[in-house]
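Please have a look at the structure first.

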Amino acid sequence: MITGIKENLQKIKNSIPENVTLVAVSKTKPIADIQEAYEAGQRVFGENKIQEMVNKYDNLPKDIKWHMIGHLQRNKVKYMAHFVDLIHGVDSFKTLKEINKQAKKHGRVINCLLQARIAKEDTKFGLLFSDIEEILSSEELSELGHINIVGLMGMATFTNNQQQLQEEFSSLANFFKKNQEKYSNLNTLSMGMSGDYQLAIENGSNMVRIGSSIFGVRNYIV
């Protein structure tokens, strides 16, 4: 028997420090499940497909903060630019420019995280640390007035090797701290999911993306 969403949420919230933001990853989950989590007090939800997120935005309370956590296709930014609260996986300057363009149309400033490539896997997206430094220091970035880079995001390798996870998380945390000293707007380090969020928090993460431990692993049709 699957434990209820409310109980799962409470268990996780009790296990993380107050300064850590919990993003409930609701991708593929029906509106009823998100509503249940909302009624239990959760306000931050993460989706990886824009059209699915738009549908949920249209049908759920408007004080929900929607996070785009999946790989972002530039041609779809326009569909979420009027409401998205934070975009996690920005991995190119071209994408930043498109987000800025669409945010400007709505008179908004959209918060973004640059995705760092920390996993030892070819399947993960992300920027090299040198690429991130180049973006943060670029003159062109300062001209984009409708985006705000508030931090970094990383996805560790899908492995049970705790030493490897420790190395990947700590490398991003150290890089984040170094750049926080230069850029005062960097305040968010998003790393850690259901299987490794405790280790990520130990390494300095202050935002975790948790889905299966809240909603269960079964996929539903929205």
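Predicted model: local features only at pLDDT ≥ 70, side-chain atom pairs only at ≥ 80, totals over all residues.

**Aromatic pairs**

Residues are numbered from 1 along each chain as its sequence is written, and side-chain values use heavy atoms, leaving out hydrogens and water.

- Searching the whole structure gives three aromatic pairs (ring centres within 6.5 Å, taking the six-membered ring of Trp; planes under 30 degrees apart are stacked, over 60 edge-to-face, the rest tilted).
- One of them is Phe45 with Trp66, a tilted pair at 5.9 Å centre to centre and 40 degrees between the planes.
- Phe45 lies in strand E2 (residues 44-47) and Trp66 in strand E3 (residues 65-68), so this pair links parts 21 residues apart in sequence.
- Phe45 is buried at 0% relative accessible area, and Trp66 is buried at 1%.
- Tyr57 and Phe83 form a stacked pair, 4.0 Å centre to centre with 10 degrees between the planes.
- Tyr57 belongs to helix H3 (residues 50-59) and is buried, with a relative accessible area of 17%.

**Helix packing**

- The axes of helix H5 (residues 129-137) and helix H7 (residues 162-180) come within 12 Å and cross at roughly 20 degrees, which makes H5 roughly parallel to H7 (angles under 35 degrees).
- Phe129, Ile132, Glu133 and Leu136 in H5 meet residues of H7 including Leu172 and Phe175 (contact: heavy atoms within 4.5 Å).

Terms used. Axes fitted to C-alpha atoms, helices over the stretch in contact; angles between N-to-C directions. Helix = DSSP H or I, 4+ residues; strand = E, 2+ residues; numbered from the N terminus. Parallel < 35°, antiparallel > 145°, perpendicular 65-115°, else oblique. Buried < 20%, exposed > 50% of the residue type's maximum accessible area, 1.4 Å probe, protein only.
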